[in-house]
Amino acid sequence: MPSSFYITTAIDYANGAPHLGHAYEKVLADVVARHMRMRGRTTYFLTGLDEHGQKVQQTAQKRAIEPQVLVDEVAAVFRAMLTDLNISNDDYIRTTEPRHKRVVQDFLQRLFDKGLIYKGQKTDWYSTRQEQFLTDKDRDPDGSWPEIYGEVTQTTEENYYFKLGQFQPWLIEHIKTHPDFITPRFRQNQVLEFLKEPMNDLCISRPKSRLTWGIELPFDSGFVTYVWFDALTNYYSAVAEKGLWPADVHVIGKDILSPPHAVYWPCMLKALGIETPRQLLVHGWWTVNNQKASKSTGNATNTLGFAASHGADAFRFYLCREMVVGQDADFSATTFENRYKADLGNNLGNLVNRLLNMVGRSYAGVIPAAAADEELEQNLRKLWIDTEKKFSADFLEYQLSHALEALWVFISAMNAYIEARAPWKLAKSAEPADRARLDSCLAHVAEGLRLVATVLTPVMPATCDKLLINIGRPVATYFDGQLAWSNVCTGSKVAEKCILFPPVEPPSVIAQA
Ligand code: MSP
């Protein structure tokens, strides 16, 4: 396994407010990035903003400001979201930056010089909303244009085309011989299905008469480049001088898999003689109260209020636990509060407090050494070994929800262990055997919590730091040698009490349908 790990998210469009979809993708990538760092891999985590295109130009015009002023504003809002969610990105790329423009123009020039970009004229259907030409394949079965395209009109235009079509056989072969390229696997079929039809060449320019807010073609100043050609290049331009290419994972939503990431991007790179990224991790779509996360209701943006009310960690946990990567998921205040109260408050938070309480009362706050080793203790340790294996395996496949589910089975088992051991009764007994059981019970719960907090740190960094500090342990920064059951907690001085998940009033922000 290579020691470096380069992960990216899609770069968000600079034409609206950040919402749940943007937030989720950053959290997913952040959790994976933090996990990889703790595995000892030199990780580079990139996210950013997609700032060119017609919509930005139009919005700026409406507000009578320069597009650059608009995108600077939007960038500040998106970056504030990253801070609010405790996202640990190493870099933030904006497509208006000179370091990016340089690479886009270099790509265009190289393709032009190789004869892979040519000038042509076409009369075609054009969607202003999507800023792309359409073909009859894009129509609904009844012949109408799907709503996502907005108004569609016939337009004749001279433009530059990238010879995408000639890479089709290579791409099909590449996808078939790299079964992990598109993850989860079932998404591959969608792409291969798309590739059954002959692929057209890709129009990669827009005449300046129609769009000026873009990167100029280096070989024709009458045109700017198509936003997708511009945007996709960010993954490369950000690290062009860092020797980090190819990317290990591009985290993207299902709507931008095919054709942009699964077709245009690998073909662009192939044409340039650059290695393709190793993997596309494709997540599903969030709905809010089972409704499309649309801008009009504001619901998708308002969900971010839960990070403010319940804390970024609870929000991160909810998103990772609730969405099975690859499938769609629904956000609702009810499921959020259930997870907050049950999974976090009752299952984890109370367990921590029970431990602190009893160690405080019976051992003056110092965690005892395990003395008895009976079946209950052995079972708990065995369960940890299985849990850790499953957790790691799920994580490496980006199945965070399954990993967390397994971890909570273990946390529940610790609660059941405490119930069975009833340390509050043992504390009253004068029998030496009972004292030994009490020692063991508290030592085991402390150790179990240490292990849980260690593997959970990438998901809930601040909470896990706090948990570890409260049980007298250093915060977890790496996994190596830290995931085996040990007795390192013995002798640690614990805090008197620690409220990890206080009861809070939910924000009254998500309108019911
Ligand atoms: N700018 C392009 C991406 C260029 S990448 C070279 C774009 N931007 S976007 O702002 O519309 O979306 C950014 C990411 O958020 C995409 O991966 C998209 O799938 C994701 N999401 C947007 N809404 C979403 C949901 N409701 N649910 C989950 N993710 C969704 O596309």
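## Reading pockets, ligand shell and backbone

Tutor: Residues of both domain 1 (4–283) and domain 2 (332–470), bounds taken from an automatic or database domain assignment, line the second largest pocket, so this pocket lies between the two domains. The model is predicted, with local features needing pLDDT of at least 70 and side-chain atom pairs pLDDT 80 or more, while totals for chains, interfaces and linings use all residues. Residues are numbered from 1 along each chain as its sequence is written, and side-chain values use heavy atoms, without hydrogens and water.

Student: How many residues line the second largest pocket, and which lie nearest its centre?

Tutor: Rolling a probe the size of a water molecule over the atoms shows where empty space is left. On a 1 Å grid over the protein atoms alone, a pocket is an open set of points with protein on both sides within 12 Å along at least five of seven lines, a cavity is a set where a 1.4 Å probe fits but cannot get out, and lining residues have an atom within 4 Å of a point. Here 20 residues line the second largest pocket, and Asp-180, Gln-279, Leu-396, Glu-397 and Tyr-398 lie nearest its centre. The space in this pocket is about 500 Å³, a volume being the space filled by probe spheres set on points joined across faces, edges and corners. Its lining has 11 nonpolar, 3 polar and 6 charged residues, where Ala, Val, Leu, Ile, Met, Phe, Trp, Tyr, Cys and Pro count as nonpolar, Asp, Glu, Lys and Arg as charged, and the others, Gly among them, as polar.

Student: How many residues surround the ligand, and which are the closest?

Tutor: The ligand is surrounded by 24 residues (each with a heavy atom within 4 Å), and the closest are Ile-11, Glu-25, Asp-50, Asp-255 and Trp-286. By class, this shell has 12 nonpolar, 8 polar and 4 charged residues. Polar contacts, pairs of N or O atoms within 3.5 Å, include one in which a polar side-chain atom of Glu-25 lies 2.5 Å from an oxygen atom of the ligand. Of the 660 Å² of accessible area that the ligand has on its own, the protein covers 95%, by the Shrake-Rupley method with a 1.4 Å probe.

Student: How many cavities of 30 Å³ or more are there, and which residues are the closest to the centre of the largest cavity?

Tutor: The count comes to 1 cavity of 30 Å³ or more, and about 100 Å³ of space lies in the largest cavity. It is lined by 13 residues, of which Tyr-13, Asn-15, His-52, Lys-55 and Glu-131 are the closest to its centre. Helix H2 (residues 54–62) gives the most to this lining, with 3 residues; helices (H or I, at least four residues) and strands (E, at least two) are DSSP runs numbered from the N terminus.

Student: Which residues does a cis peptide bond join?

Tutor: Most residues other than glycine have a negative phi, and most peptide bonds are trans. Here a cis bond joins Thr-183 and Pro-184, with omega about -10°, and another joins Ser-258 and Pro-259, with omega about 5°. Asn-289, in the loop between strand S15 (286–288) and strand S16 (291–292), has a positive phi near 50°.

Terms used. Polar contact = N/O pair within 3.5 Å; in protein donor to acceptor, adjacent residues only side chain to side chain.
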